[in-house]
Amino acid sequence: MDTTRGSASTEAHLSAHLSDSSIPLLSPLGFAASSSKNMHPTFALLSTAIRSSLSSFLFENAVFLGERLVAYFPTNPHASYLLACSYYACGKLDSACGTLKSCSIDSGKYLLARILIDLNRGPEAELVLTDLLHCPIDADDVDRGSVLCLLGQICRNSDRHAEAKQYFERSLNENAFLWTSFKNLAELGKHKSGDVSIDALFAPDKLKEAVRRGSHSTSTLPPVSIQKKRSASSLNTSKATQLASSTQSSSARSASDSAAMISSRQHGVDSFTSLRRSTRLTSSGPPSANTTMISSGIPKARPLGTTAARDRKRTRPPPADSSKIPATTTQDMDTDEPDTDDMWSSEVGAQMLEHLSLLLRTLAHGYDALCDYRCEDALRAFDILETGQYSTGWVLSQIGRAHFEMVQYTQAENAFQRMRELDPFRMDNMDLYSSALWHLKKDVQLSYLAHELVEANRKSPQAWCAVANSFSLRQEHADAIKALRRALQLDPHFAYAYTLCGHEYIAMDDLEKALGCFRQAVRVDDRHYNAWYGLGYAYYEQEQLELAEFHFRTALEINRHSVVILMYTAMTLQRRGKMEEALALYLAAEAIHPRNSMLQFRKAVCLMNLTRYQDALEILEQLKETSMSECNVHFVMGRIYQTIGDRSKAILAYTMAQDYSSARSCGLVKDAIESVFNGDEQELRGDIMKFID
């Protein structure tokens, strides 16, 4: 018997049978296009096996099976969609894109747009999504809110912020669980209480509506519908149906997780973060140190022991009516699809929905305040979270960022340390953590952090920012710039890396290159106030005071609560002779940070220029008690005493200033002493601001 010919004949018969145009289509996650039609058993078996492989994270296996499925059904768009999902899960974006080019179903178009965004082909993705949005969308395939969210991200990446805001707001109205849309709104600075109410966005009714819509989508895999004919000729079909149904029931619980994972998987590095380091200007240059190098090019440091997490010694208010919310156990869970209308209409369901709404509203208020740099409001919002939610990596990361923006570097360090104990692989805001250690001059801890971050994820731009900060603290600015360039290779849209690079160039007295870095940071993120401050500082150093004032004021419009920006704007106004305006800004900064010594000193100089000598002397006397070694304090006191005619106190103050003066200021102090004896009060009037700067 010719078995070869028999096999070929069977294969030809099977291929002809599988290509029959009467085979019904399958929805992306397993629903038959029409329950009244039969689904081919081979399609059912392979599609179920593919989804099972995706749920089990066996992506290569899913690709193999997907290619077999498309070979059997080359014109079936659902087969192409499943193969594209498998390619996407494997990171084969180009293959997935090519597979979906002719896909006609909504879910295929949505995935194609997602892939085009990952490939930095935003205009093409926008065309696909716009077409999808303007056509009736099958609710079982694509969430309309997700389409709007992607359109908002495309508009934001192309600097069309007004359009982006509209898309994100519409997205949240469609689906209140789309936190990504709210996060983008807050980061754009477009979300204000007068525009959209946070409480309204995350109201229980909004969440209930989102759940109700989701319940009508393909949340689980129902058994494959195949008509069974009790005849000998249909015996094989019946057996195949039973096998498909059995396979589906075993993988139904994980299928929805697989779909969510595939649709949300992103390839690339996320980019969003925060004056050098917020306030590099307020601290003196880092101390020089002998540099030790290792093979990786990162400064060596002795490993530190893990700091024990500080126990949270506070009583947190329980969630609303939490005593009425029963604890959910695995025994209580019903594996069947619940009736969502009945679930949330019950008293317990309503309480659980209210509790979830309260959680989302609290987190939203906190994050919105943080993005608006109302850091104290953000901390108060996060502080009322229950312990379980508070002690998470995301919340502690935001708390560390809030303290960093408030120039509370020790508190920021504590929050970031605890975050790393809970979630050592989280990279969010680790660039700020390293900058906090830079300000605290903790060389060993900073170097160790850089090693840990690079070892955990060498493709993280935050890790290379930590490396750059470590080099910078050791005065190795050229190596720091190399590390920052590596961070920018990994994420060209990382604004904070451009800003740090600009500050490194300032440390090397290369103001032109510094200006270029700051400008690039502003192009990437026009709300990155650190870069606007950097531009103002560079112009201030070049004595282009009008330009400096413009950029400082721009930074101040973004972050009205930064003491550093307020102080430098006032200093610029002071040098331009606008003393009253400068004093108003000093008072505003003092209301935020009353114990800032540098701020108090600058305020005293402003009062002296306004001839309010007694007020200035009161501040300087207080500073003298805490800053005896400050040459500037004694010098300004000598200048005031000389002006009011008290020569003996003037000479005493100048002598004290000379004892603490540096080589740069020693000549000016000597000239001041000589002017007292010569009786020439005008000789140093134009030099005093230059001296104290």
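Student: In this predicted model, which helix holds the place of Gln 153?

Tutor: The model is a predicted one. Gln 153 falls within the run of residues 144-157, and that run is helix H8.

Student: Is Gln 153 buried or exposed?

Tutor: The cut-off for a buried residue is a relative accessible area under 20%. Gln 153 has 15% relative accessibility, so Gln 153 counts as buried.

Student: Which residues does Gln 153 touch, not counting residues up to four places away in sequence?

Tutor: Contact here means heavy atoms within 4.5 Å. With residues up to four places away in sequence left out, the partners of Gln 153 are Arg 114, Phe 168, Thr 180 and Asn 184.

Student: Arg 114 is in H6. How many of the 13 residues of H6 are buried?

Tutor: The buried residues of H6 include Tyr 110, Leu 111, Arg 114 and Asp 118. H6 is mostly covered, and the buried count out of its 13 residues is twelve.

Student: How far apart are the end C-alpha atoms of helix H6?

Tutor: Helix H6 covers residues 106-118, which is 13 residues. The expected span takes 1.5 Å times one less than the number of residues, so H6 should span 18 Å. The model agrees with that value, as the end C-alpha atoms of H6 are separated by 19 Å.

Student: Which residue with a positive phi follows H6?

Tutor: Most residues other than glycine have a negative phi. Here the phi is positive, near 60°, and the residue following H6 is Asn 120.

Student: Where is Asp 159, which has a positive phi?

Tutor: Asp 159 is not a glycine, yet its phi is positive at about 65°. Helix H9 spans 161-174, and the place of Asp 159 is in the loop between H8 and H9.

Student: What is the phi of Gln 475, in the loop between helix H22 and helix H23?

Tutor: Helix H22 runs over 461-473 and helix H23 over 477-490, with Gln 475 in the loop between them. At 34% relative accessibility, Gln 475 counts as partly exposed. Although Gln 475 is not a glycine, its phi is positive, about 65°.

Student: Are H2 and H4 roughly parallel or roughly antiparallel to each other?

Tutor: The axes of H2 and helix H4 (residues 77-90) come within 11 Å and cross at roughly 20°. Angles under 35 degrees count as roughly parallel. H2 and H4 are therefore roughly parallel.

Student: Is the crossing of H2 and H4 left-handed or right-handed?

Tutor: On the H2 side the contact is made by Phe 43, Ser 47, Ile 50, Arg 51 and Leu 54, and on the H4 side by His 78, Ala 79, Leu 82, Cys 85, Ser 86 and Ala 89. The crossing of these two helices, H2 and H4, is left-handed.

Student: How far apart in space are Leu 45 and Leu 69, C-alpha to C-alpha?

Tutor: Leu 45 belongs to helix H2, residues 41-55, and counts as partly exposed at 29% relative accessibility. Leu 45 and Leu 69 are 24 residues apart in sequence, and their C-alpha separation is 9.7 Å.

Student: How many disulfides does the structure hold?

Tutor: A disulfide needs a pair of cysteine sulfur atoms within 2.5 Å. The total for the structure is zero. Cys 103, for one, is in no disulfide, and the nearest cysteine sulfur is 9.3 Å away, that of Cys 85.

Student: Is Cys 103 buried or exposed?

Tutor: The relative accessibility of Cys 103 is 8%, which means that Cys 103 counts as buried.

Definitions and conventions:
Residues numbered from 1 in each chain as written. Predicted model: local features only at pLDDT ≥ 70, side-chain atom pairs only at ≥ 80, totals over all residues. Heavy atoms only, no water. Buried < 20%, exposed > 50% of the residue type's maximum accessible area, 1.4 Å probe, protein only. Helix = DSSP H or I, 4+ residues; strand = E, 2+ residues; numbered from the N terminus. Axes fitted to C-alpha atoms, helices over the stretch in contact; angles between N-to-C directions. Parallel < 35°, antiparallel > 145°, perpendicular 65-115°, else oblique. Left-handed = near helix turned anticlockwise from the far one by under 90°.
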